[in-house]
Amino acid sequence: MKFWEFANPRVFMGWTDKVLPWAFALAGAALATGLIWGFFFTPDDFRQGSTVKIIYLHVPSAFMAINAWIMMLVASLIWLIRRHHVSALAAKAAAPVGITFTLIALFTGAVWGQPMWGTWWAWDPRLTSFLILFLFYLGYVALWAAIEDPDTAADLTSILCIVGSVFALLSRYAVLFWNQGLHQGASLSLDKEVYIADVFWLPLVVSIGGFLLLFVALVLLRTRTEIRARRLFALRLRERMA
Amino acid sequence: MLALFIRDIRLAMRAGGGFGLALAFFLILVTLVPFGVGTDVAVLSKIAPGILWVGALLSSLLSLDRIFALDREDGTLDVLATAPIPLEGVVIAKAAAHWVTTGLPLAFAAPALGVLLHLPAPGHLWLLITLAIGTPALSMIGAFGAALTVGLKRGGLLLSLLVLPLYVPTLIFGAETAARAIAGQAATTPLLLLAGITLGSVALLPFASAAVLRVNLR
């Protein structure tokens, strides 16, 4: 089966109908494993104490907050290039999920920062970039909400997503230039040596996997809702015409 | 394009065009700051460059919705879309007119208003330079936002929500250049980055804005 066949709403609905329960079950299992393992069966850090355990929420949600935007960017590009409605609706469906992950990352960061840094908030480049990312999400969702015609809304938000990505990236490096950082560097990397002990690393990876699956499941669910809403809209329109 | 540019400037200068509004808003904003933070000279002179930059940014936001909305209402935009010049050219001409009637006056007003905020001596020239270099980017980004919201009845608030996050890099480099220059540090790097943002915006955003306008005129 080719990937582009999912652009057919009927194929998409039929396929996701089967996959969705599994996605939710796997996400739940991975989240439960990762979080319970992380919260109860890992040792305390020798300097951070038990506050280190917030990492199992903070890092995965921050990771997914950025990836949600990237997914929206890809979906927007697919919509602009190939005009697949499912793609535009998936981008729309991902935005509120991305906002939530951004908020979770900001909130858990603040909760961790209070005992560790002695402050809820610092104008650190990473924190600031996330706040700006949050604002970009808000603008994107607001634009979707403001426009009535679904195709116009999809076109405009797609272009906003592309322009916004460029400016979000610019902002990321601009704030790096503007202020010194308090936030530690990345502990996880695909190509560099890992700076984190295995006892913490394994549950963290499971948590990240759980958040990723949760994101996929939520986006699929929300996309299905959007497709149904769109069908309803079309049916009502047809009724009014008749 | 030149004719359109001159027409837009003329429209902005005439009554109801809002030419003086941005300047008046800027003056009021700067007047309000000492009421909020007190009249301590040390504090004011420290925050002056940043306040002036934020003030200029907010003032240029005021007249953004006029770039396309009025022309859309009376049908001029449809005529322009079918005119022999490309829509990208229309966007550039209109953004340039917005800059001449908003950004440039703000850049010249900022050093004068700096006196009210006890801006340190070398800062006046630097504010003029950074604002003159940075405000074209503000007008261009603003034109993109205005194009996005042109089809909406009450797009004003949404316009600010869309445009202000896009202003972040420009503001950072602009205010950073002014602050560094006043502190006597080397300011070339942020100045070049600011110029880069302006040039990049002018080069790329007309295409995005024109694409958005085409969608809205469908």
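Predicted model: local features only at pLDDT ≥ 70, side-chain atom pairs only at ≥ 80, totals over all residues.
The secondary structure of chain A consists of 6 helices and 0 strands. Read from the N terminus, its elements follow the order α-α-α-α-α-α. The C-alpha trace of chain A extends over about 70 × 40 × 30 Å along its principal axes. Chain A has 242 residues, of which 38% count as buried. When contacts in chain A with a separation of 6 or more are considered, 77% are accounted for by residues 24 or more positions apart.

Chain B contains 9 helices and 0 strands, and its elements run α-α-α-α-α-α-α-α-α from the N terminus on. For chain B, the radius of gyration is 18 Å, close to the 17 Å that the globule rule gives for 218 residues, so chain B is as compact as a globular protein of that length. The C-alpha trace of chain B spans about 55 × 35 × 30 Å along its principal axes. Of the 218 residues in chain B, 52% are buried. Contacts that join residues at least 24 apart make up 82% of those in chain B between residues at least 6 apart in sequence.

Within chain A, helix H2 (residues 55-82) packs against helix H3 (residues 85-117) at an angle of about 160 degrees, and the two axes are 7 Å apart. Angles over 145 degrees count as roughly antiparallel; H2(A) and H3(A) are therefore roughly antiparallel to each other. Their crossing is left-handed. The contact of H2(A) with H3(A) comprises 21 nonpolar and 8 polar residues, with no charged residues.

The loop between H2 and H3 of chain A holds Arg83(A). The phi angle of Arg83(A) is near 55 degrees, a positive value in a residue other than glycine. Most residues other than glycine have a negative phi. Arg83(A) counts as partly exposed because 13 C-beta neighbours lie inside 10 Å, whereas a residue with 12 or fewer would be classed as exposed.

A positive phi of about 55 degrees is also found in chain B, at His118(B), which is not a glycine. His118(B) lies in the loop between helix H6 (87-116) and helix H7 (123-148) of chain B. With 18 other C-beta atoms within 10 Å, His118(B) is partly exposed.

Pro9(A) belongs to helix H1 (residues 9-40) of chain A. Because 18 other C-beta atoms lie within 10 Å of Pro9(A), this residue is partly exposed. Leaving aside residues up to four places away in sequence, Pro9(A) touches His85(A), Val86(A) and Ile227(A). Pro9(A) and Ile227(A) are separated by 218 residues in sequence, yet their C-alpha atoms are 7.4 Å apart in space.

The contact between the chains takes 20 residues from chain A and 18 residues from chain B. On the side of chain A that touches chain B, helix H4 (125-146) and H5 each supply at least two residues. H5(A) gives the most to this side, with 12 residues. By class, the side of chain A that touches chain B has 16 nonpolar, 3 polar and 1 charged residues.

Helix H5 (residues 150-178) of chain A meets helix H9 (residues 188-217) of chain B, with the axes coming within 10 Å and crossing at roughly 170 degrees. H5(A) and H9(B) are therefore roughly antiparallel to each other. H5(A) makes this contact through Thr152(A), Asp155(A), Leu156(A), Ile159(A) and Val163(A), and H9(B) through Ala208(B), Ala211(B), Val212(B) and Val215(B). The contact of H5(A) with H9(B) is made up, by class, of 7 nonpolar, 1 polar and 1 charged residues.

Key
Residues numbered from 1 in each chain as written. Chains lettered and ligands numbered in written order. Axes fitted to C-alpha atoms, helices over the stretch in contact; angles between N-to-C directions. Helix = DSSP H or I, 4+ residues; strand = E, 2+ residues; numbered from the N terminus. Parallel < 35°, antiparallel > 145°, perpendicular 65-115°, else oblique. Contact = placed C-beta atoms within 7 Å. Nonpolar A, V, L, I, M, F, W, Y, C, P; charged D, E, K, R; others polar. Buried ≥ 20, exposed ≤ 12 C-beta atoms within 10 Å, placed from the backbone. Left-handed = near helix turned anticlockwise from the far one by under 90°. Rg over C-alpha atoms; globule rule 2.2 N^0.38 Å.
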